[in-house]
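Please look over the structure below before reading on.

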Amino acid sequence: MEPGAMPLLELVLLVLLLLIGEGEPVCRLQGRAELPELAKDGDLVIGGIFTFQTEYDGRVPNFQSLPDPPRCKNMNFREFQFAQTLIFAIEEINRNPAILPNHTLGYNIYNACGYDNILKSGLALASGQERFIDEGNCTKTDMAQAVIGHSASTPTIGLARIIGRFRIPVISHFATCACLSNRKEFPSFFRTIPSDFYQSRALAKLVKHFGWSWVGAISSDNDYGNRGLATFMISAQEEGVCIEYSEAFEQTGPRHELLRIVEIIKQSSSKVIMAFMTHREIKVLVSELYRHNITGLQWIGSDAWITDPSLTAIEGHSALVGAIGFTVTRAHIPGLGKHLRDVHPSHFPNSMFLRDFWEIVFDCSLNVTTAPKRKPCNGSESLRGVQNTFTDVSKLTFTNNVYKSVYAVAHALHNLLTCEESQGPFSNGSCAQPTRIQPWQVPVSVCSESCPPGTRKAVQKGKPVCCYDCVPCSGGEISNTTDSAKCMKCPFQYWSNGRGDRCVMKEIEFLSYTELMGVILLLFCLIGVCLTIIIATIFFQFQDTPIVRANNSELSFLLLFSLTLCFLCSLTFIGRPSEWSCMLRHTAFGITFVLCISCVLGKTIVVLMAFRATLPASNVMKWFGPTQQRLSVLAFTLIQVLICVLWLTVSPPFPYKNMKTYKEKVILECDVGSAIGFWAVLGYIGLLALLCFVLAFLARKLPDNFNEAKFITFSMLIFCAVWITFIPAYVSSPGKFTVAVEIFAILASSYGMLFCIFLPKCFIILLRPKENTKKHMMGKTNDILY
């Protein structure tokens, strides 16, 4: 077959398949979620996601095949009551001719146990369960108009993020995490329960009211627990309440974490515990405390568990007697009690949960083959005489929130369907299409949208107070509530995060070994050390040659040693500043550079004295022989040592947190302490360098074939140029760049001296050995330099 024939054949087959097909684009559902537990058709569908069974057995997926669905266990009657309340409210609305006339509400309610099942259920409500959608735009699905649920905050966060992409309203009756109030992140999330922003503060005031100033705090290790606990701790601090310990754990977490927390409680001196967690974590914790015989604790509880009747069945539940907290106001829903007692498996023949629920409540089997150990149900069983959590309607709190959620959706849909053209809530007063109502069409009537956290309200000039602009908080200020009137300043050493809704520790900046600039400077430092060692090795190998012996080889080796120290002292400028590193970096730099320049100065004076000694009757070299050269280097260096000692004694350098250069970060740097000491060290180095430059300049034209004074002049010229330009650069550079400029000046001047003084000699030693002779070096001059 010729090349290119196969792709052409595939194209022809594809065209044939399209022609054979129905001729319309087809959308295919990728994957399939579990079917709803309770369902009923209607013109408009409301979704519900609840967790009838709060625990499950599952295995860790291997990502090689689709994981098996989790096996759910431990029935939660309260969640089942929530679902039945949703059904009751929908049936009540369908019977009411004043709401949604000529339209019926249906429902798809999922029993989703496990985080992944909750998200799968949400996607099923968004896209429907039909495998094929034969419509060009692939948008007509059995999409839910709104989703009621979930009860927990953490699953609701994931659910609201995913469903929010489809602009489907998610209305929770129980998810209280303050994070869900962020309109930027969760634009389509609503709830019929107050945020934990208020509950956490109320709990802190409750603790203060009873005079408990020393408490422990434990939370669920999730968004609900961690955020609620963080707000409680801030409020407790404002109320003058001290927190002895704050810990978090998960019900499914490792057991050693739970045992660690139990040991903390056992060893603590506080007898009051604020538990901001769900009923799952409190069950595990209390049972473990009971096994360790830890009693005598006063519990302060969040609303997620404080009224949960299922806690009476746990081991050691008596320890929770007397626990206090806040809960939602009780309500009465007429007719709900009768509806709950009339529930029967025959109403929902496809519901496996209702069958299991029925068998557990009446201890009988609806199918003898699946449960042979139980007696068969005789058909006379009825919930009318049963008293349990499911049928109890005496304390309706969160259940009432479900009821209100359904009615809120129904009224919103009713307003859309009864809209009159030119008076609608959309652009130009238009209305929604009655045959295709989109979920994002829940209408609002406000002059200005709510200001999310991170902004503040600014009233528009000349307009009523309901009309305002949302102004982002300035840097260093935050607002963590919706519709905040003003922004609060962050505490010292804190700055606002990117969203402006939370204060975070300021970023700490210093020149580090791990960043690119620090690595580059370190690399040049090490290269300088290696080059110096290589040159020293060459000089040592050829120490008897004229070019090495010229102008005192001892000074040459001492100069190479001091240059090595100069390169290494730049390392003290990199890294987090400390008390010792700040003192070391400036003194080491000052002393090593004076030692270096003293050697160069000594070599320069030797050149001048040597050629002065060639004059008749001159005996000047005996006054500046090797001993005098060593003493001069020592004397010059001791003067700098004395200056450094005085500096360290009077006012030494110290680590300093600079918060003035940048408002959003802290710069760790070394304050020089005494400015006089710092500039005295630099001034002395500059004085010696200038003196060395002048002397070398005077000796640059002395008559020899290898006049070292010329190269010393170049090196000192580079040295002086680097440090003259260093001063303005040092003063104007911000933050860690100040240190980088200082290191650059050290390395540049060190490389300048190394290359100008020693590379010409190495060039002659290695590449032009014929010039490395006494005769060639001196020309017509005597050998006094040797």
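Of the 786 residues in the protein, 48% are buried, where buried means under 20% relative accessible area, exposed means over 50%, and partly exposed lies in between (1.4 Å probe, protein chains only). This is a predicted model, in which local features need pLDDT of at least 70 and side-chain atom pairs count only at pLDDT 80 or more, while totals for chains, interfaces and linings use all residues. Residues are numbered from 1 along each chain as its sequence is written, and side-chain values use heavy atoms, with hydrogens and water left out.

The accessible surface of the protein is about 40,100 Å², and carbon and sulfur atoms account for 60% of that surface; areas come from the Shrake-Rupley method with a 1.4 Å probe, and for residues only the protein chains shown count as cover. The protein has 21 helices and 26 strands. These are DSSP runs numbered from the N terminus, with helices being H or I of at least four residues and strands being E of at least two.

The largest nonpolar core holds 67 residues. Such a core is a set of buried Ala, Val, Leu, Ile, Met, Phe, Trp, Tyr and Cys residues joined through side-chain atoms within 4.5 Å. The members that touch the most other members are Phe-589, Phe-593, Phe-719, Trp-723, Met-753 and Phe-758. Among the helices that each supply at least two residues of this core are helix 13 (516–541), helix 16 (579–612) and helix 19 (708–732). Helix 20 gives the largest share, 15 residues. Leaving out residues up to four places away in sequence, Trp-723 touches Phe-589, Phe-593, Leu-682, Ala-745, Ile-746 and Ser-749; contact here means heavy atoms within 4.5 Å. Another core, of 51 residues, lies apart from this one, and its members include Phe-50, Ile-99, Val-386 and Val-402.

Next come the charged side chains. Side chains of opposite charge can pair when their charged atoms come close. The whole structure has 15 salt bridges, a salt bridge being a side-chain nitrogen of Lys or Arg within 4 Å of a carboxyl oxygen of Asp or Glu. One of them joins Glu-288 and Arg-255, whose closest N and O atoms are 2.9 Å apart. Because Glu-288 lies in helix 8 (residues 279–291) and Arg-255 in helix 7 (residues 255–267), the pair ties together parts that are 33 residues apart in sequence. Glu-288 is buried, at 2% relative accessible area, whereas Arg-255 is partly exposed, at 48%.

Glu-509 forms a salt bridge with Lys-665, and their closest N and O atoms are 2.9 Å apart. Glu-509 belongs to strand 24 and Lys-665 to strand 26 (residues 665–671), so this pair ties together parts that are 156 residues apart in sequence. Both ends are buried: Glu-509 has a relative accessible area of 7%, and Lys-665 has one of 16%. Elsewhere, salt bridges that share partners join Arg-255, Glu-288, Arg-291 and Glu-315 into one network.

Leaving aside neighbours within four places in sequence, the contacts of Lys-506 include Tyr-494, Trp-495, Met-659, Glu-664 and Lys-665.
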